[in-house]
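Visitor: I am new to this structure and would be grateful for a guided introduction. May we look at it together?

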Amino acid sequence: MRRLENKVAIVTGGARGIGEGIVRRFVEEGARVVIADLLEAEGRALAAELGDVTAFETLNVTSRADWDRVIAATEARFGKVDCLVNNAGILIFKALDDLTEEEMRRIIEVNLLGTMIGTQAIVPAIERAGGGTIINMSSADGISAANGLSPYCASKFGVRGFSQSVALELGPRGIRVNTIHPGGIYTPLANQAGVTREMFDMGFKIYPAQRAGDPADIGAAAAFLASDDARYCIGTELSVDGGLNA
Ligand code: NAD
């Protein structure tokens, strides 16, 4: 199915993990995609592999100047922007007592403020394109709390609340805002402490799917929300978690 023919998307954190899964699925469905990430080598390699329907731009999601440059580059290269996926994110697994103030700030700045700055920056461009969609990556941890992840949970509950509010504001202006709430997806983020896929899967045996998810599972959900099949989805919170929060 090529539901994203003629659509142009920016995917933050698109160089690896879930973002890469989204980029690959969007390209399969006919979109042109800008991979926007801090990881230049990985992002450029992915763009080279996928060909000239993709491009790489360096982006720090916390910098408005970076956003303005990436949006201008996308319009120059592909003519417009229909879709933004605010996927970039970081996680620090630590008890509250052990967290530094700098770590707490960093998680909120990248995960929450980065999503807010990017959403604000992209609106005029999507309006120039005649409407479109913004997909914000929250988490199963943005729906119910996880132990040892307090700033991360705060950031992901925050992404959810921010998205609901701007969905109300932007819906009447032709911009659909929705969130995805992945469960455990095996990526470099999940693999920070050298956890193998097998070990990671073990942690999810007690949930209905009995395994962790893959970036492709989130790519499929994002492709649906970005497509016209989701034209009546506004403020939708799409859980893709193998039943973790059921
Ligand atoms: P990952 O670490 O594999 O990839 C994250 C990407 O974001 C990296 O390419 C990284 O360079 C980029 N990034 C980080 N900070 C950035 C910044 N300031 N500016 C631009 N890019 C930046 O992580 P992932 O598992 O693919 O996670 C992607 C998103 O999905 C995150 O928002 C994460 O919170 C969310 N999520 C992941 C899981 C999971 O189990 N993996 C579950 C729920 C939600």
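Guide: Helices are DSSP runs of H or I with at least four residues, numbered from the N terminus. Please note that the model is a predicted one.

Visitor: Where does Q210 lie?
Guide: Q210 has a positive phi of about 60 degrees, although it is not a glycine. As for its place, the residue belongs to the loop between α6 (197–202) and α7.

Visitor: In which segment is N6 placed?
Guide: N6 is not a glycine either, yet it has a positive phi of about 70 degrees. With 11 C-beta neighbours inside 10 Å, N6 counts as exposed. Its place is in the segment before β1.

Visitor: Against which elements do the buried residues of α7 pack?
Guide: Helix α7 covers residues 215–226. Its buried residues include P215, I218 and L225. They pack against β1 (8–12), α1, β4 (83–86), β5 (132–137), β6 (175–182) and β7 (237–240).

Visitor: Which helix gives the most to the shell around the ligand?
Guide: The ligand is surrounded by 30 residues, with G13, G17, G89, T187 and L189 the closest. Both α1 (17–28) and α4 (101–128) supply at least two residues of this shell. The helix that gives the most, with three residues, is α1.

Visitor: How many residues of the shell around the ligand are charged?
Guide: The shell contains 16 nonpolar and 12 polar residues. The charged residues number two.

Methods. Residues are numbered from 1 along each chain as its sequence is written. This is a predicted model: local features need pLDDT of at least 70, side-chain atom pairs count only at pLDDT 80 or more; totals for chains, interfaces and linings use all residues. A residue is near a molecule or strand if its C-beta atom, placed from the backbone, lies within 6 Å of it. Ala, Val, Leu, Ile, Met, Phe, Trp, Tyr, Cys and Pro count as nonpolar, Asp, Glu, Lys and Arg as charged, and the others, Gly among them, as polar. The expected span of a helix is 1.5 Å times one less than its number of residues. A residue is buried if 20 or more other C-beta atoms lie within 10 Å of its own, exposed if 12 or fewer, and partly exposed in between; C-beta atoms are placed from the backbone. Two residues are in contact if their C-beta atoms, placed from the backbone, lie within 7 Å.
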